[in-house]
Amino acid sequence: MDAPDRRETRRLQENIDRRMADHQMVLLLARDGFAGRRYERFEEELARYGISVLRAWMHSGFLFQLLAAHGFDLHPDEREIEELARDSDVREELATMTVARALPRFRQRALVEGGWSHEGGASIATYFMGACAYEFPNEYRRHRSHQERWRRAVRQAGATADTSTVNNVASEVLGKLRVLDDLTNICDPRMRTAVALTLDDYTQEEIKQILGASSVRAIEGLLYRWRTAAKREEGERHG
């Protein structure tokens with residue numbers, strides 16, 4: 001067996017070993033009903049991995065090529081490609097929001113409903129990145145819409161010589177960025193997802209359906225606890 005064949009054999013064996021390890025992990029998580037502290041640690045690691053990979057894919061432009069190959073051609077122009085290559089904050093925002101949307105659906109479809117199988121050829125991480133790629137187009141379209149509203153506000157303010165519109169939009173954008181920075185510090189994955197979806201203008205009824213919560217009041221409770229903790233931390237920083 002020559003060197004290329006040995007490398008391919010080793011790669012295939014590593015893939016099998018990884019999928020078998022994932023299979024054992026899923027069986028363990030299933031015992032707890034894909035909930036509890038063990039699952040939260042798994043989800044946190046998966047989220048970190050997904051955000052890191054998405055940021056890299058956006059920086060290189062590979063993500064758009066991958067999506068186009070699967071029929072999701074977003075047709076980015078040069079300005080958009082340059083923005084993602086240059087602006088790490090935009091990459092972080094898009095990656096965080098995409099992962100926040102992908103996690104609850106991945107849990108339901110891949111794990112609870114058994115959509116992922118170690119016999120399917122993909123590791124858990126690879127399968128999850130497929131879920132993220134599926135969520136990204138809608139998230140990117142929302143980003144485009146926000147950017148266009150910003151540009152229209154700037155043009156309107158310039159035409160009327162009224163800076164209040166620009167200031168209001170700037171305050172809104174900066175406020176959202178500040179919350180996005182804090183998302184990674186939220187340990188509870190359900191709370192993190194609820195905050196991310198609220199930030200992106202989902203209604204509480206829609207968030208309830210995505211998270212599979214028992215009621216809108218449960219979502220209100222998650223957001224209330226987050227706001228209380230955020231205010232307390234803000235007071236400690238300035239106390």
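**Exercise 1.** Work out how helix α4 and helix α5 are placed relative to each other.

*Solution.* Begin with the two elements: α4 covers residues 78-86 and α5 covers residues 88-112. Helices here are DSSP runs (H or I, at least four residues), numbered from the N terminus. Next, look at the axes, which come within 5 Å and cross at roughly 95°. Axes are lines fitted to C-alpha atoms, for helices over the stretch in contact, and angles run from 0 to 180 degrees between N-to-C directions. That angle makes α4 roughly perpendicular to α5, a label for 65 to 115 degrees. Finally, find the residues in contact (heavy atoms within 4.5 Å): α4 brings E83, L84, A85 and R86, and α5 brings S88, V90, R91 and L94.

This is a predicted model, in which local features need pLDDT of at least 70 and side-chain atom pairs count only at pLDDT 80 or more, while totals for chains, interfaces and linings use all residues. Residues are numbered from 1 along each chain as its sequence is written, and side-chain values use heavy atoms, with hydrogens and water left out.

**Exercise 2.** Describe how α5 meets helix α8.

*Solution.* First, locate α8 at residues 189-199. The axes of α5 and α8 come within 9 Å and cross at roughly 125°. This makes α5 oblique to α8; oblique is what remains once angles under 35 degrees (roughly parallel), over 145 (roughly antiparallel) and 65 to 115 (roughly perpendicular) are set aside. Then read off the partners: M97, A100, R101, L103 and P104 of α5 touch R192, T193, A196, L197 and L199 of α8.

**Exercise 3.** Now try α2 with α5.

*Solution.* Helix α2 spans residues 36-60. Its axis and that of α5 come within 9 Å and cross at roughly 135°, so α2 is oblique to α5. In the contact, α2 residues including Y39, F42 and L46 meet α5 residues including L94, V99 and F106.

**Exercise 4.** Is C187 buried or exposed, and which residues does C187 contact?

*Solution.* Start with the location: C187 lies in the loop between α7 (164-183) and α8. With a relative accessible area of 55%, C187 is exposed (buried is under 20%, exposed over 50%, partly exposed in between, with a 1.4 Å probe and protein chains only). Leaving aside neighbours within four places in sequence, C187 is in contact with E44 and R192.
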